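Visitor: I would like to go through the terms used for this model one at a time. Please set each value against its cut-off.

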Amino acid sequence: MEGFNAMSQVIGKVLYSAEEIARRVKELGATISQDYRAGAGRDPHRRPLLVVGLLKGALPFMADLIRAIDIPMEYDFMAVSSYRGRTSPGEVRILKDLDSPVGSRDLLIVEDIVDTGHTLDHILRRLKAREPASLRVCTLLDKPARRQLDVPVDYVGFTLKENLFVVGYGLDYAELYRNLPYIGVLKPEYVRR
Ligand code: IMP
């Protein structure tokens with residue numbers, strides 16, 4: 001296959017290595033398991049936690065996180081359209097909804113990154129209307145400096161102090177680089193202006 005650069009050549013700086021991510025995901029899984037175990041008022045086998053991954057970005061994180069969660073759980077996915085590149089930043093559309101009703105279930109939303117908060121705000125409002133028993137959010141990355149809406153985030157993997165656009169481990173630039181095993185910043189020459 002000629003004509004393709006090795007993926008690592010496009011990355012200017014690695015922010016979180018695969019090892020750091022793996023460590024942090026294990027910690028998050030342990031904390032989540034502990035919290036839900038402590039709060040479980042009913043038989044978790046009869047009404048297990050429902051972990052909801054947001055496609056596409058959360059896929060690698062979700063795959064690792066669920067295997068670090070040590071309580072009975074089910075998982076499902078939602079897909080939302082990205083507003084990026086459009087004129088109105090608040091526009092979010094549901095492309096794939098959950099397969100089953102969520103009333104009286106404990107829901108944990110798994111996101112790749114919370115940026116302005118518009119995506120999460122939209123999803124939280126839609127899911128709250130279905131009256132789950134509880135609704136929490138776990139995001140791998142948080143960019144608080146860019147927040148426009150005040151959304152509750154219960155579990156955060158890493159907080160980006162700077163306003164950087166990051167790729168890898170599910171995060172894309174124009175659909176590329178999701179398969180990098182680490183998270184980094186693209187070299188300027190790979191970003192279209
Ligand atoms: P929000 O609605 O502005 O919070 O944006 C959420 C979505 O924008 C995320 O789920 C990502 O798909 C995308 N996004 C935001 N920041 C980044 C980034 O730094 N890299 C890649 N995607 C991002």
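Visitor: What makes S2 and strand S3 a pair, and in which sense do they run?
Guide: S2 and strand S3 (residues 73–80) are joined over seven bridges in the parallel sense. Two strands pair if DSSP finds at least two bridges between them, so S2 and S3 qualify with seven. Within this pairing, Met78 of S3 is the bridge partner of Leu54. Strands here are DSSP runs of E with at least two residues, and helices are runs of H or I with at least four, numbered from the N terminus. The model is predicted: local features need pLDDT of at least 70 and side-chain atom pairs count only at pLDDT 80 or more, while totals for chains, interfaces and linings use all residues. Residues are numbered from 1 along each chain as its sequence is written, and side-chain values use heavy atoms, leaving out hydrogens and water.

Visitor: How do you know that S3 also pairs with strand S4?
Guide: Two bridges join S3 to strand S4 (residues 94–96), and the strands run antiparallel. In S4, Lys96 stands opposite Ala79.

Visitor: What handedness does the unit of S2, H2 and S3 have?
Guide: The β-α-β unit made by S2, H2 and S3 is right-handed. That word applies if, with the strands pointing away from the viewer, the path from the first strand over the helix to the second runs clockwise.

Visitor: Why is Leu140 called buried?
Guide: The relative accessible area of Leu140 is 1%. Buried means under 20%, exposed over 50%, and partly exposed in between, with a 1.4 Å probe and protein chains only, so Leu140 counts as buried. Leu140 lies in strand S6 (residues 134–142). Its contacts (heavy atoms within 4.5 Å) include Phe61, Val156, Phe158, Tyr169 and Ile183, not counting residues up to four places away in sequence. Leu140 and Tyr169 are 29 residues apart in sequence and 9.8 Å apart in space, C-alpha to C-alpha.

Visitor: Is Lys143 buried or exposed?
Guide: Lys143 has a relative accessible area of 6%, so Lys143 is buried. Lys143 is placed in the loop between S6 and strand S7 (155–159). Among the residues it touches, beyond four places in sequence, are Asp115, Asn163 and Phe165.

Visitor: What makes a set of residues a nonpolar core?
Guide: The set must consist of buried Ala, Val, Leu, Ile, Met, Phe, Trp, Tyr and Cys residues joined through side-chain atoms within 4.5 Å. The largest such core has 31 residues, and Phe61, Leu65, Leu141, Val166 and Ile183 have the most contacts inside it. H1 gives the largest share of this core, five residues. Apart from it lies another core of 18 residues, including Val80 and Leu127.

Visitor: Why is the pair of Tyr16 and Phe158 called stacked?
Guide: A pair of aromatic rings is described by the distance of the centres and the angle of the planes. Rings of Phe, Tyr and Trp (its six-membered ring) pair if their centres lie within 6.5 Å; planes under 30 degrees apart count as stacked, over 60 as edge-to-face and the rest as tilted. The centres of Tyr16 and Phe158 are 4.0 Å apart and their planes are at 20°, so this pair is stacked. Tyr16 lies in strand S1 and Phe158 in strand S7, so the pair ties together parts 142 residues apart in sequence.

Visitor: What makes Tyr75 and Phe77 edge-to-face?
Guide: Their planes are 70° apart, and the centres are 5.7 Å apart. Tyr75 is partly exposed, at a relative accessible area of 47%.
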